[in-house]
Amino acid sequence: MGKYCFGIDVGGTSVKCGLFQTDGVLVEKWEIPTRKENSGEAILPDIAKTILDKIAERKLDKSDIDGVGIGVPGPVNERGEVPCAVNLFWGFKEVTKELTELTGLPSKAGNDANVAALGEAWKGAAAGSKNVILVTLGTGVGGGIIVDGKIVGGAHGAGGEIGHAAVNHEEKEACNCGNCGCLEQYASATGIVRVAQRTLAATEEETVLRKFTKLSAKNVLDAFKEGDKVACDVMAQVGEMLGGTLAMFACVTDPEAIVIGGGVSKAGQPLIDCIQKYYKKYAFSACKETPIILANLGNDAGIYGSARMVIKEAQ
């Protein structure tokens, strides 16, 4: 084994980069812009350049480096190939092959949410756990599943796509994925607003939510924490869908912990309590006491998980 590795997390705006010791200590982190023009052709060359520059800056030898782990926003198969990453304007991309050719270092790629789950299981909220479910509640709903310390990627790189579990078969509006009734349509930031708007249209009850001309998920969550009755009704609907979905996934993977991250998770323990209430209602008896906890690596989860992929390969 070498002494170091790199963890890379590719986002739509910036690429987060981390240099790690192979014992898991983060030595340095930095960011570079994600240049998406011309179908994102510069993204991997830019990443390779910043890695090679960092090796030179720190006067390291390539023999000191175990490799490069990289998380990308799209499905990734076991060969490190991405069929499509719409947020990067990528079509088919051989990520690990190209990155290895550009850097001269071994590389391993994974879906960004799966990689974040690995990070939280390694050095985050679920540190020391081998079986973890991570759900990220942001603009959409992402997910990652770790079983026996390994990412569940699946045959098509779509393992852990919790946000696209069908939870409402009566839904008429389409999700961004093309299906109708996905969890993402209710439990994401935009989904919470959708549920709130539908609830407001169905009731004449007084609520602070009516004063907002452009309602946001934060407005709903703040009102929920203050005990606003309509906001509490909205979050009960969201919590039931999310808690029930997690109960189904727990039947399959039996996690030691379920970790909640993403911008919506900033609502804190009241959100966790709401999810846990319905999780316990629907979970199989052996899984009912599985703790649901807040993620704690924040935006660093991806670089930690990416580094972990490489370290595990080298061991």
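Biologist: Helices here are DSSP runs of H or I with at least four residues, strands are E runs of at least two, and both are numbered from the N terminus. With that settled, which element gives the largest share of the lining of the largest pocket?

Modeller: Please keep in mind that this is a predicted model. The largest share comes from H4, which contributes 4 residues to the lining.

Biologist: Which other elements supply at least two residues each?

Modeller: Besides helix H4 (112-123), they are strands E1 (4-10), E2 (14-21), E8 (132-137) and E9 (141-147), together with helix H10 (301-314).

Biologist: How much space lies in that pocket, and which residues lie nearest its centre?

Modeller: The largest pocket holds about 1600 Å³ of space. Its lining has 46 residues, and Pro 73, Asp 112, Ala 113, Thr 136 and Gly 142 lie nearest the centre.

Biologist: What is the make-up of the lining by class?

Modeller: The lining has 23 polar, 16 nonpolar and 7 charged residues.

Biologist: Turning to the sheets, in what order do the strands of the one containing E1 run?

Modeller: That open sheet has 5 strands in the order E3-E2-E1-E4-E7, with mixed pairing. Strand E3 (26-33) and strand E7 (107-111) are its edge strands, each pairing on one side only. On average, neighbouring strands are turned by 15° against each other, direction ignored.

Biologist: In which sense do E1 and E2 pair, parallel or antiparallel?

Modeller: They pair in the antiparallel sense, over 7 bridges. Tyr 4 stands opposite Gln 21 of E2.

Biologist: Where does H4 lie relative to this sheet?

Modeller: H4 lies across E1, strand E4 (65-72) and E7, and runs at about 105° to E7.

Biologist: And the sheet with E8, what is its strand order?

Modeller: It is also an open sheet of 5 strands with mixed pairing, in the order E10-E9-E8-E11-E12. Strand E10 (150-151) and strand E12 (292-294) each have a single partner strand, so one side of each is left without a neighbour in the sheet.

Biologist: How many bridges join E8 and E11?

Modeller: E8 pairs with strand E11 (residues 257-261) over 5 bridges, in the parallel sense. Val 135 stands opposite Ile 260 of E11.

Biologist: Which strands does H8 touch there?

Modeller: H8 packs on the sheet against E8, E9 and E11, and its direction makes about 155° with that of E8. Helix H9 (residues 269-282) packs on the sheet as well, touching E8, E11 and E12, and its direction makes about 160° with that of E12.

Biologist: One more topic: at what angle do H7 and H8 cross?

Modeller: The axes of helix H7 (residues 217-225) and helix H8 (residues 229-253) cross at roughly 110° and come within 8 Å. Angles of 65 to 115 degrees count as roughly perpendicular, and H7 and H8 are therefore roughly perpendicular to each other.

Biologist: Which residues meet there?

Modeller: Val 220, Leu 221, Ala 223 and Phe 224 of H7 meet Ala 231, Cys 232, Val 234 and Met 235 of H8. By class, this contact has 8 nonpolar residues, with no polar and no charged ones.

Methods: Residues numbered from 1 in each chain as written. Predicted model: local features only at pLDDT ≥ 70, side-chain atom pairs only at ≥ 80, totals over all residues. Heavy atoms only, no water. Axes fitted to C-alpha atoms, helices over the stretch in contact; angles between N-to-C directions. Parallel < 35°, antiparallel > 145°, perpendicular 65-115°, else oblique. Contact = heavy atoms within 4.5 Å. Nonpolar A, V, L, I, M, F, W, Y, C, P; charged D, E, K, R; others polar. 1 Å grid on protein atoms, 1.4 Å probe; cavity = no way out; pocket = protein on both sides within 12 Å on 5 of 7 lines; lining within 4 Å. Points joined across faces, edges and corners; volume = space filled by probe spheres on them. Pairing = 2+ DSSP bridges.
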